[in-house]
Amino acid sequence: MPETTLAERFKKARTLSGLTQRELAEKVGISNSAANEIEAGYRNTLRIDTIKKLLTVLDENILLDDYHRFVLYEQKSFMKNLLNKYGITKLCDKLKSHHSSVYRWINGEYQITRAKYEVIKQFK
């Protein structure tokens, strides 16, 4: 059965890497408490900088779900395409978001939340 939660995917990827939580944290430059919180299920999303650190050691195909792949690889270009298609006013209305947030998503300054990703998937 496939792992569906971030905690399950993280644990599987970490276990297959042969590293303990502490070893992984030290190797990629995150705190031991962050690694523990991810694996214990206290976090259901990862920041882009944390994803990039973890992917230096862990298997991307195990760790990342569609949301994390989107924010890592597609967010900026996809949002630019939506902006070009709808314009800022209509896009903000569709996403129920302020224009400053939309521009920050396009520039990669902000990471789209999982809830907004669920809305954005309708445009794919």
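Trainee: In which helix is asparagine 32, and what counts as a helix here?
Mentor: Helices are DSSP runs of H or I with at least four residues, strands are E runs of at least two, and both are numbered from the N terminus. Asparagine 32 has its place in helix H3, residues 32-40. Please keep in mind that this is a predicted model, where local features need pLDDT of at least 70 and side-chain atom pairs count only at pLDDT 80 or more, while totals for chains, interfaces and linings use all residues. Residues are numbered from 1 along each chain as its sequence is written, and side-chain values use heavy atoms, with hydrogens and water left out.

Trainee: How many helices and strands does the protein have?
Mentor: The protein has eight helices and zero strands. Read from the N terminus, its elements run α-α-α-α-α-α-α-α.

Trainee: Back to asparagine 32: is its side buried or exposed, or something in between?
Mentor: Buried means under 20% relative accessible area, exposed means over 50%, and partly exposed is in between (1.4 Å probe, protein chains only). With a relative accessible area of 30%, asparagine 32 is partly exposed. Glycine 87, placed in helix H6, also counts as partly exposed, at 26% relative accessibility. For the protein, buried residues make up 38% of the 124 residues.

Trainee: Which residues is asparagine 32 in contact with?
Mentor: Contact means heavy atoms within 4.5 Å. Apart from neighbours within four places in sequence, asparagine 32 is in contact with Gln21, Arg22 and Ala25. A polar atom of its side chain lies 3.4 Å from the backbone nitrogen of arginine 22.

Trainee: And what does lysine 116 touch?
Mentor: Lysine 116 is found in helix H8, residues 114-120. Setting aside neighbours within four places in sequence, its contacts are Leu95, Lys96, Ser97 and Trp105. The lysine 116 side chain also reaches the backbone oxygen of lysine 96 at 3.3 Å.

Trainee: Which side chain of opposite charge is nearest to lysine 116?
Mentor: For charges, Lys and Arg count as positive and Asp and Glu as negative, with His and the chain ends not counted. A salt bridge is a side-chain nitrogen of Lys or Arg within 4 Å of a carboxyl oxygen of Asp or Glu. Lysine 116 is buried yet has no salt bridge, and the nearest side chain of opposite charge, aspartate 93, is 11 Å away.

Trainee: What describes a pair of aromatic rings?
Mentor: A pair of aromatic rings is described by the distance of the centres and the angle of the planes. Rings of Phe, Tyr and Trp (its six-membered ring) pair if their centres lie within 6.5 Å; planes under 30 degrees apart are stacked, over 60 edge-to-face, and the rest tilted. By this rule the count is four aromatic pairs. The rings of phenylalanine 70 and phenylalanine 78 have centres 5.6 Å apart and planes at 75°, so that pair is edge-to-face. Both phenylalanine 70 and phenylalanine 78 are buried.

Trainee: What about phenylalanine 70 and tyrosine 117?
Mentor: Their aromatic pair is tilted, at 5.2 Å centre to centre and 45° between the planes. Phenylalanine 70 lies in helix H6 (residues 66-95) and tyrosine 117 in helix H8, so the pair ties together parts that are 47 residues apart in sequence. Tyr67, Phe70, Phe78 and Tyr117 form one aromatic cluster.

Technical notes: A polar contact is a pair of N or O atoms within 3.5 Å; within protein, one must be able to donate a hydrogen and the other to accept it, and residues adjacent in sequence count only if both atoms are side-chain atoms.
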